[in-house]
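Student: Can you take me through this one? I'd like the conventions as we go.

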Amino acid sequence: MIENLHLIYEIIVWIFLLYSAFIFIIYCWVGIYAFGALKRYGSENQHTDYNLIATNSNTPSFSVIAPAYNEGMTIVDNVRSLLSLYYPNLEIIIVNDGSKDDSIEKLIEAYDLKGIAYHVEEVISTKSIRGVYKSENRAFRRLTVVDKVNGGKADALNVGINISKGQYIVCIDVDCILEQDALLKLAKPFLEQTEERLIACGGVIRLANNCRVENGKVVDVNLPKTWIGRFQALEYIRAFVLGRMAWSRASGLILISGAFGAFDKEIVLACGGYDSNTVGEDMELVVRMRRYMEDQNEKYKVINIPDPLCWTEVPESKAILKKQRNRWMRGTIEMLWKHRKLMFNPKYGKLGMVSLPYWFFFELLGSVVEFTGYCLLIIFLLLGIINWPFFFVLVSLVLASGILYSIYAILVDLLTDQVYTKRKDLSTLLLTAVLEPFFFHSTVVIAGVSGVRDYFKKQHGWGEMTRQGFQHSELKESFWKKNIDIITWGLKSYAPIGCVFLSLYMLSVGVEIWWYQQYLEIDVLPSTIGQLLLENTFFAFQLLTIVGLLYLILHYMNSFWSKLLACTVFAFVVTFQFVLFLYFVQSNNLLGADLFYYSTAEVNQILETSGVINIGNVSLLILVSSLCLIPLILASRKAWYIYPSVIMVLLGIIAFIVPEHKLSPEFKSSALLQSASVSKWNYFLKSNIDDYLANSSFANINFFNTEIKEVKSDYPFMRQEETQDVLGAYMQKSPSIPNLVIIVVEGLGHAYSSPKGYIGNFTPFIDSLKSHSLYWENNLSSSGRTFSVLPTILGSLPFAAHGFLEQEQFPLHFNLWNIFKHNNFTTSFFYGGDASFDYMSKYAESSLVDNIIDFKSFETTYNKLPSSGGESWGYEDQAVFDKMLNGLGAINKPYFNVVLTLSSHSPFLINRNAYYEKLVETQIERLNLNGKQKETALSYKKELASIMNTDEALQNFFAEYKTNPDYENTIFIITGDHSMPEIALQNKIDRYHVPLLVYSPLLTKTSTFRHTVSHFDVAPSIIAYYRNNYAIQTPSQVTWLGLGLHEGASRASGGIPIMQSKYQLEDYILSPYYLNRGSMYKLDGHLNEDVYKDEKIDTEIKKRFDIFNNKNKQLIEHKKLIPDSIYHSFFGSDKNLD
Amino acid sequence: MNLLFGSINELTLVFLTLLIIVFILILLVMGYGYRNYQLLSSRRKWTTLIETKILLAILNGSHHIQDDVELKDLLPNKNFRDTFLSVLIESEKKFSGDAYRVLIEIFHTLNLKDFAWAYLNHKDSFKKVQGIEALTTMRVEDALGDIQLLLNNPNPFVVAEAQYAMVRFKDFKGLEFLNLLHTPISEWQQLRLLNSISEVPATSYSFISSLLSHSNISVISFVLSLIRKFRIVAFHDEVATLLEHPNSIVRILAVRTLHDIETERTFPLFTQIYGQQILNVKKAILHAIRKSKNKNSIDFLKIELIEGKPSLQIIAAETLIEFKEKKYLQDLMNEEVSNEHIHSIIKHALAVRI
C-alpha cells in the first residue's frame, strides 16, 4: 500500500514537473520571439511619417464603435477624446446599450445631439434601436450616437457594425482613452497588407489608473497607487509587450482585446458579427474570423502592434477583479467549446494545431493545474511525504522564473515603449515583479478556477463591474458585518448536516453493538456497551467540530465546496465505521496504521483468501454509502438556527479537552471486550496520527526538553559475544556437526497447545514431544504477527521503524543463516505460500540462503490449501514437510533448515476439514472440559481444526524423518510465531505466549523451564552451543537483543521489547513485569497478568524501554548495526558473504 | 526515495542548478536593462543636443559645427552617431530649401556619410534600411547604384526602402522598377512613392500606358493613383477600359480615377456600365456622381432610389438631397404611403429629426 502511494506520488510529481517544463519553454520562446518582433517593429517604424496618412483623403475609412452601459460619469470626457483623434476618414459611433443612468442625456446635452430618422440595414440581427442621434454642431459631425434596448456588449457592437460606413471598424470600450495618433498607427498595418489580408489588428493597452487626464488626453503617466493596480500593470506589460507580440509574429494570435481592436468589416460581416451568447465575445470573434479565412482558403493575418494606443481603467477592488477574471475564464471556455472541432485539426493550420491547443492546455488548464497543485501540496503535507529540500528548491525555481520573466518584460517594455520612464515607477515595477507571486497570483488563479466552476454551473453574465471613473470614488462596505453574516449563514447551513451525521453515526454504533451481541464469541457486557457509546459520542462531536471549522473556512470562499466537503467526509466516516467494526469481529483486532504497512499485493491476498470481496459485500457497501449520502445531501439544502451548530462545536471542544484516560477506566474484563469497547474510528485515527508523528521529523524534536537518554555508542546494540552455552549440558557430543531444523508453526499459541492453556491442549503430538525435549513453558514471541519472527529467531534483531524486514535495505548483521553458511552449512527456507510476503524471501536472499522453497517450487502433485474467493494461501503443511524430507540425503554437509507453516493461518481452510473438525470434537471430549470451556473450544472449531491438522502433519513429518539417517544427528526447534489473534485472549500477553521446544535424539536429558524467555534468546543460545561444542566460527561482536535462553527476560537482560504490529511498539517485558501501552502488569508463573502499580518499578521499566527506543531510533536514522569492518572481517575470504 | 527517472536528490541538484542560472539571468537582465536605460537616457539628451546644434547651424551656418567641442567628444561614440543620423532623417521632414541643405552639409562635414555607408553594407537588413534612408535623405548620389542593386534583395523591407529611394533620387524615372515588379506594392508604399513624385513628364505617358495593362494589380492601382494625383486627363479612355477589368478593386479605382479626370463622356459611361457591376462598384459610381454634382444623373438616381438595393438607395437618396431634389423626395414619401422601406430611406436622407 505504501509502495502504491509512493508510485502515485511520483507520477503526480512528474506530471506537474513536465507541465511546468512546458510552460517554462513556452515562456522562454515568448520572451525571445517577442523581443525580435519588437525590435523589428521599432526598426520598421523608426522614421515612419504618419502625416502621409493624416493628410491623405483616400486612406481607408474607419468607424470607431464604442458601446456604453451606465457610463454617465465619464462618457462625455471619453467621447471628447475620441473626437480629437487624428484621422481623415473617421466616424465615431457610440452605442448606448439601454443604460439605466443618464448616459444618453449627458451626451445629448454635451454634444447638441438631435434624434434623426436613420435607416439601418440590419445585416447582423440585433435588439431593437430606440433612436439614432447626430449633432447639429458641425464640429461633431463625425459623431453618431445610437440608443438601443439593452442586449449586452456584443449586441451593441453589432448595432455599431450595422450602422458603420467605414471599411474597418475599431471596437473599443467607451471609457478607454485613445492616443490621438492611435488610428494613424493602426491604419498603417492595414495599408501595408499585400498578399496576406490583415483581418484584425490590436495595440498595446495601458493602465489609466492614477494617470493625469486632461481633456481626454493622458498628460502624466503614473503607476497605479494600489498594489492590485500595480500588479495588473505588470500583467498587462507581460501580456501585451511579450505575449501578444510573440503570438502575433508567429501568426498564432487569437485574441485582440475587446478594449481596443481594429477589424476588417467585410470579414466581420461575413462571419456574422459578435456572438451575443458568450462573455468572451472579443476572442470568439477573432477565432471565428480566422476560421472563416481558413475555410475560404485565403491568406490572412492577425497582428498586434506594440505601440501604446489605448489607456483603460482596471479594477482596483479585489471583488471586481475576481469577477473580471472569472468572466475571462468563462469566455475562454465558451470559445474553446464552440470551436472545439478546430482543436488539433490540421485543416486549420496554426490556429488548430498550435493556438487553440495552447489556450486549452495552458490558459484554461493553467489555473486548474495550479490550484490542484495547491490541494495536493496540502494532502502530501498531511501524509508526510514531502521531501522538503526538493520542495523548497522547486518552489524557489518557480518563483524566481516568474520574477525573471516579469523583470524581462519590464525592461523590454522600457526599451521599446518607454511608458513608465520615471525612475521611481521603474523601481516600483521591479518590486511589484518580486511581490506579485506572493500577493496577487493566487487571487488570479482562484478566480480562474471559479470561472471554470461557474461555467459548468452555467452561470452566465458579466457580474457587476462597478466603474470608478477617473475621479476614483470607491464603494465601501462594512468588513465585520460581511464576515459575521457569512459565519452566521455557515452555522445555519451546517446545523442540519451535523445533526444528520450525528444520527447516522450513532445508528451505526447501535448496529455495531447488535453485531457484537450476535457474532462475537463472548458475552458483551453492559459496561462494554456503555463505554463504546461514550467513546463514539466523544469522537462524533470531535469530528463535528473539526469538520465544522473546515466547513466555515470553505464556506467563506464558496458554500458549494463546503457542503460537498461535509457530506463527503461524513458519509465516508459512517460507511467506514461499518468496515472497522466488521474487521474487528472478523479478526478480533483493531484496525490501525498497520493497514498502510502491507503492500497492495499483500492486502489483495488477505482480502481474497478471506473471501470478503464478493458482489454481495461490495453491493452492501455501495448501499450503505448511498444511504448515508442521500440524507446528508438533502440536509445540505436546508438551513436551521445556528444553535445546533454552536452546541455541537462546543461539545466537540469539551470532548477534546477531556483527557483520554478519564474516558477509559480500567476494565476487569478480557482483552477482547476491552478492544470491543473502544471507538474503532477513534482508534484508527489516533494510531495513524501517532504513526505519522513517529515517522515525521517531529518525532525527533524534544518539545518538553525532557532529559534525553544518552546513547553512548554509534552502534548501540553491539556487544561482545559472551553467551553462555545452556544447551550443551543437555546434549551428547556428536562425531559430526549436527544439522539444525527450526520449525515455526503459524499461530501456535500456548492457550491451545498445552494442558495449562485456557482453551485446552489441541496439539497432542507437540505436547507429547515436550516430555522428550527441552521445553520453555513461558516463551514469548516478539510480535503479534508473523513479520518479525524470522529476524527475531534467526538474528535476535531490533525492530527498526516497522519491523526489521520492512527496511528498504537491511543493515549488515549476523544471523543464524549467514553464520552457519560461513561454517559450510547448507541453508534453506521452506514455506508453502509466497515467501515475498512480509519480505521473508528478501531477507533469506540477503542472507544468501542456498534454497528458498516457496509456492513457486512445488510440483502439481502437492496439495494446495483450499481457495477462498479464487485464491489459496499456498501449499498445505504436509506438502511443505514432504518437500523438506525429499531434499534430505542430497546434501553431504550439515544443513540448517527453517520451516514456516501456513495451514493454521486465517481463514483456516484446510483439506479434509470435516475430518479435523471431528478430531477437534473428539479432543474436546478427551480433555474433559467443563461446559464453558467446551463451548469456547467449539466456537473455535475451525481454528483448532487447522492447528490439529498441523500437529498431525508434524507427527507424520517426524515419523518419516526417523527413517532418515540424518535424524540422529539433527536438532529440532519447534515454536509458534504468535498466538492466533482470532482466538480471544485472556490476557494481553497471551498474544505472544507460544511454546518453545528443543528436541533432538542427541538429548541426554530433558527439562521444562518456567522462567520467561523469548525468541530473542534462541539465536544466541544456538550459536553458543555450536561454538562451544563444535568449534564453529562465530563473530566476537554481535547485536543480539537476547542474552540467551538461560537469562530470558530477566533484569540482567535489560528486558525485551515486543512489537504488537508493524506500527505498535508498546509492550516491554522485564520479568516479572509487563508494560503494555503505558500500563504496568505483574506476571505470575503462568504468565497471567494483574495490574500493578509501583512508581519505582514503573519508572525503571519505562526508562529501560526508553533506552531501547532510543537505540532503535538510532538504528532507524543511521541504518547501521555494526561497523562494516567487523562484518567483513568475520566473513573474510568468504566472497559470497562479503 | 527513488523517482521513476532518477532519484529525488539528483532532481534537487538539477533544480538547484537551474535556480542558480535563473538568479544569474535576473542579474544579467537587470544589468542589461540598466545599461540600456542609461543608453536611452543618453539618447534623449543627445537628441536634444543634436536638435539644438542643427537649429543653430541652420540659423548661423554650418561651418562652426565641425569645431564644436561637444560634438567632437561624442562623435566617436557609435550610439551617438546613430542618434545623429536618426535626428537628421527626422529633421528632413521638418525642413526644406536652405535649411535642408544645411542638414546635408552637416551630414558630410561630420563624416556621417561613412557611417551611413557602413550601414548600407551591413549584413543586418534593418541596418541596411537605415543606411538607405540616411543616404537617400542626404542625397548621396553615389549610393544610387548600390541602392538599385537592393531592389532584388530578399528582404521586402529593404526592397521597399530601395524603391522609395529610387523615386526620391530620380522622381518619376525612379519608377522604372515597376515594369518588372511581380510582387504586390502595399498601399502604404504606394502612398510614399506617390508623395515623392513631384511631376509626371509627358514623355512618360507610354510608360504609364504600359503599366495600366500590367499583370500586377497593385501596379495598376498605383498608376491610377498617380493619374488621380496629377489629374492626367489624357488617360481617360485608357482608364475607361479598366471598367471591364476582371478585378473589382481595379474597377472601383478606375471609377474614382475617372471621376477625378472627368470628361463629358464619364457619367454616361458610368450609367452605361452600372447595371453589370457588383455592389461595391455601384457604390463607387454613385459616390462619384454625388461628388461630381452632375445633375444629368438625376433621373438615373431616381430610378436607383426606387429599384436599387437598400445601401444604394440610401446613397441615391442622399445624392438627390445634395442635388436639391428635396421636394421630389417629400412628394415621393407622400405617394408611397404604404412603402415603409422607402419612407425610412427618405427620412434618413432628409435627416428628419425625431
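Tutor: Helices here are DSSP runs of H or I with at least four residues, strands are runs of E with at least two, and both are numbered from the N terminus. This is a predicted model, in which local features need pLDDT of at least 70, side-chain atom pairs count only at pLDDT 80 or more, and totals for chains, interfaces and linings use all residues. Residues are numbered from 1 along each chain as its sequence is written, with chains lettered from A and ligands numbered from 1 in the order in which they are written.

Student: How many helices and strands in chain A?

Tutor: Chain A has 34 helices and 29 strands.

Student: And chain B, how many there?

Tutor: Chain B has 19 helices and 2 strands.

Student: What share of the contacts comes from residues 24 or more positions apart?

Tutor: Counting contacts with a separation of 6 or more, such pairs account for 78% in chain A and 63% in chain B. Two residues are in contact if their C-beta atoms, placed from the backbone, lie within 7 Å.

Student: OK, the interface. How many residues does each chain put in?

Tutor: Chain B gives 46 residues and chain A gives 43 residues. On the chain B side, the elements giving two or more residues are α1 (8-60), α3 (78-94), α6 (125-137), α9 (187-196), α17 (310-322) and α19 (340-350). The largest share of that side is 17 residues, from α1(B).

Student: Which residues of chain B carry the transmembrane annotation?

Tutor: The unreviewed UniProt entry marks residues 12-34 of chain B as "transmembrane region". UniProt positions are given in the numbering used here, feature names are shortened, and annotations may be inferred rather than shown by experiment. In the model, that span is 100% helix and 0% strand, and its end C-alpha atoms lie 32 Å apart.

Student: Switching to sheets. What is the strand order of the open one in chain A?

Tutor: The 8 strands run β18-β17-β19-β14-β20-β21-β15-β22, with mixed pairing. Strands pair if DSSP finds at least two bridges between them. β18 (851-853) and β22 (1007-1009) of chain A are at the edges with a single partner strand each, so one side of each has no neighbour in the sheet.

Student: In which sense do β17 and β19 of chain A pair?

Tutor: β17 (residues 826-831) and β19 (residues 895-900) of chain A are parallel, over 6 bridges. A:Thr827 stands opposite A:Phe896 in β19(A).

Student: Now helix α3 of chain A. Which of its residues are buried?

Tutor: In α3 (residues 75-83) of chain A, the buried ones are A:Ile75, A:Asn78, A:Val79 and A:Leu82. Seen down the axis of α3(A), they fall within an arc of 95°, so they line one face of the helix. The arc is that of the directions from the helix axis to the C-beta atoms.

Student: What do they pack against?

Tutor: The buried residues of α3(A) pack against β1 (62-68), β2 (90-97), α4 (103-111), β5 (143-148) and β7 (177-178) of chain A.

Student: What about phi at A:Tyr839?

Tutor: A:Tyr839 has a positive phi, near 60°, and is not a glycine. Most residues other than glycine have a negative phi. A:Tyr839 sits in the loop between β17 and α27 (840-846) of chain A, and A:Tyr839 counts as buried because there are 22 C-beta neighbours inside 10 Å.

Technical notes: Buried ≥ 20, exposed ≤ 12 C-beta atoms within 10 Å, placed from the backbone.
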